[in-house]
Structures are given as C-alpha cells and as structure tokens.
Amino acid sequence: MPDVGLTLVLACLRAARSVVATTGAGISAESGVPTFRGSGGLWRTFSASDLATPEAFARDPRLVWEWYRWRRDRIRPAKPNAGHFVLARFERTLPHFQLVTQNVDGLHQRAGSRTLIELHGNIWRSRCASGCGRVTEVSGDGGPARSGDAPGTALPTCTCGGLLRPDVVWFGEALEPGNIERAMDAARACDVLLVVGTSAVVYPAAALPRVAHAAGALVVEINVEDTPLTAEADVVLRGPAAEVLPALEALS
Ligand code: BV8
Ligand code: ZN
C-alpha cells in the first residue's frame with residue numbers, strides 16, 4: 001500500500017466528522033461469494049441481460065429463479081469476513097458513519113451492520129411480482145441448503161396467486177427513491193468516502209464517488225485491480241478488502 005496515500009487517508013479518517021463506505025461484490029469475495037465481473041465472476045457464466053432484468057423474468061421465470069436459488073445456495077454457507085466486521089465496527093466507533101452497499105448477500109447485516117442502505121435489494125427477500133405488495137424472507141443464516149430452494153421445485157407463489165420474485169433491483173428498474181437519495185445525501189455530506197470492492201460500472205451507485213468528490217470529500221478506492229474510478233480517486237489502496245480495511249482500522 002502506498003505510504004503517502006495511506007498517511008493521507010489515516011489523517012482524514014481521524015479528522016473526519018462523517019465517513020461513508022460504499023461496497024460492491026469484492027468485499028464478499030473473501031467470504032467465497034463469487035463477484036460478477038471479475039475472473040470467475042457470475043456474469044462470465046451468465047449474461048446479465050439474460051437473468052437480471054424484468055424482461056428475463058417475464059420470459060423465463062424458472063431460469064431466473066434457478067440462478068437466484070443457485071446464488072442463495074452459494075451465499076448461504078458464506079461467513080462475513082474481516083472487511084465486513086471492520087465496517088460494522090465503524091458504525092459504532094466513528095462519529096458519523098454510513099454504509100451503502102450494492103450487495104444483496106446480507107453479509108454486512110450478519111457482520112453486525114445495522115444502519116446500512118441496500119441499494120440493490122436483498123437476495124434473502126422475495127416479493128410479489130404481481131404488485132400486491134407482499135414481501136417474504138427466507139433465512140440466509142448460514143445453514144444448509146433449504147429444500148424450498150432446491151432446483152426444480154415449483155416456482156414460489158404469492159398468497160394472491162401471482163409469482164414471487166427476488167426482492168432485488170434488476171437492470172432497467174428504478175432503485176428505491178429513498179435509498180439512492182439518502183446515499184447521495186450521505187456522499188455529499190461526508191469528509192471521506194471509502195469505495196470498496198466495486199467495478200464502478202453500475203449506475204446510479206457508480207455516481208456516488210463523483211458526488212462525494214465534488215462536495216470536497218477524500219475519495220479512497222480499495223480494490224485488487226484498476227476500475228474506471230481509479231484515475232479519479234484521491235487515493236488508491238491496492239489490496240483485498242479483508243486486509244486493507246483491518247489495516248486502516250488498526251492504524252486510524
Ligand atoms: C436504473 C441485480 C433507471 C441484483 C444488479 C445512468 C444512470 C442510471 C442508469 C444507468 C445509467 N447508465 C446505465 C444505466 C443502466 C444500468 C447500468 O448502470 N448499466 C451499466 C451496466 C452500464 N443501471 C440500471 O439499470 C439501474 N437502474 O438506474 O434505473 C430507471 C429510473 C426510473 C425508472 C426506471 C429505470 C439498476 C442497477 C442495478 C442492477 N442490478 N444486480 C443482483 O442479482 O445482484 S447490478 C449487479 O452489478 C450487482 O447487483 C452488483 O451490485 C452490481 C455492481 O457490481 P459490483 O458489486 O461492482 O461487482 P463486480 O463483480 O462488478 O466487481 C467486483 C469488484 O471487486 C472488482 O472491481 C474486483 O476487482 C473487486 N474485488 C474482487 N475481489 C476483491 C475486490 N476488491 C477488494 N477486495 C477483494 N478481495
Ligand atoms: Zn401477491
């Protein structure tokens with residue numbers, strides 16, 4: 001890690017009145033949850049447009065449920081890693097800390113984060129696709145695969161008779177207005193924005209660093225490789241989140 005950059009980040013973290021962290025799939029990589037676009041990523045085997053869109057679900061709900069059930073089974077045994085736990089502690093130790101995640105895996109909550117904003121929903125919730133408003137939870141508590149999620153079981157249906165769908169935000173779907181506004185407000189008000197484990201290509205989440213930077217925040221990218229944000233970030237801490245975040249916490 002570059003010393004000069006690290007020194008600057010530590011000084012700003014110590015002086016910060018408000019810190020925001022925005023996370024992507026990379027923070028869960030060391031928990032064994034596959035990322036989307038990296039090597040071995042999910043999109044490499046599935047194309048986003050075939051699966052993570054309302055059109056795909058309307059066309060072939062079974063294929064989309066098969067993918068989400070497969071992902072639930074991959075995520076279920078995963079445990080939060082050191083990076084998740086640092087961000088959960090920041091909620092208690094920093095004067096003002098807001099976590100914003102694009103992840104749907106629920107690992108931040110399992111690490112103890114309570115006030116996070118989930119921009120893209122949560123894979124452990126299902127909601128009525130017919131719009132009756134019903135939302136159900138399945139347990140993602142680290143236990144064994146559930147029979148209800150076994151491939152080939154009937155598609156989950158709502159009490160109103162319509163299909164249930166994963167309670168996540170697909171491409172072409174609007175984010176919860178309250179969530180993206182709260183995230184943008186937090187980005188505008190913070191002194192330090194930590195951008196952890198995201199390829200920085202999915203909007204509007206990918207706009208957060210620019211919003212924070214324009215408002216005067218120090219933007220810090222924590223990633224194992226370059227992204228479209230790298231050239232714009234004030235500091236780049238190259239390394240895995242499960243190592244970089246504990247180092248930042250220990251030194252700050
Ligand atoms: C919307 C479903 C409008 C849930 C996902 C401008 C403005 C607004 C919209 C757009 C725009 N331009 C384009 C759009 C459309 C689109 C978009 O952004 N397209 C991109 C691809 C060009 N955006 C949308 O459609 C959004 N909707 O804005 O609607 C609207 C308004 C009104 C009315 C109607 C519509 C919806 C976006 C959400 C899409 N849903 N997934 C799910 O199944 O999970 S996105 C998908 O990608 C995931 O949810 C994920 O959260 C997201 C981002 O991926 P990352 O988290 O960054 O993961 P990735 O694998 O890509 O990268 C991992 C990174 O980690 C890598 O950099 C890697 O190096 C790093 N890493 C790996 N290991 C580690 C590590 N880093 C640290 N440590 C490690 N150990
Ligand atoms: Zn319903």
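Select Arg37 and ligand 1 to start: a polar side-chain atom of Arg37 lies 2.6 Å from an oxygen atom of the ligand. That is a polar contact, meaning a pair of N or O atoms within 3.5 Å. You're looking at a predicted model, where local features need pLDDT of at least 70, side-chain atom pairs count only at pLDDT 80 or more, and totals for chains, interfaces and linings use all residues. Residues are numbered from 1 along each chain as its sequence is written, chains are lettered from A and ligands numbered from 1 in the order in which they are written, and side-chain values use heavy atoms, leaving out hydrogens and water.

Next, pick Ser199, which also puts a polar side-chain atom 2.6 Å from a ligand 1 oxygen. Then click Gly172, where a backbone N or O atom is 2.7 Å from an oxygen of ligand 1. Overall, the protein covers 75% of the 1,500 Å² of accessible area that ligand 1 has on its own (Shrake-Rupley method, 1.4 Å probe).

Now show the whole shell, counting residues with a heavy atom within 4 Å of the ligand. Of its 35 residues, Phe36, Arg37, Tyr68, Arg71 and Ser199 come nearest. How does the shell split by class? Colour it and you'll get 19 nonpolar, 11 polar and 5 charged residues, with Asp, Glu, Lys and Arg as charged, Ala, Val, Leu, Ile, Met, Phe, Trp, Tyr, Cys and Pro as nonpolar, and the others, Gly among them, as polar.

Switch to cartoon. Helix 2 (26-29) and helix 6 (61-75) each supply at least two shell residues; helices here are DSSP runs of H or I with at least four residues, and strands are E runs of at least two, numbered from the N terminus. Domain 1 (3-32 + 78-120 + 174-251) and domain 2 (42-77 + 124-168) each give the shell at least three residues, with bounds from an automatic or database domain assignment.

The peptide bond from Tyr203 to Pro204 is cis, with omega near 0°. Ala200 is in that loop too, with a positive phi of about 55°.

Technical notes. A polar contact is a pair of N or O atoms within 3.5 Å; within protein, one must be able to donate a hydrogen and the other to accept it, and residues adjacent in sequence count only if both atoms are side-chain atoms.
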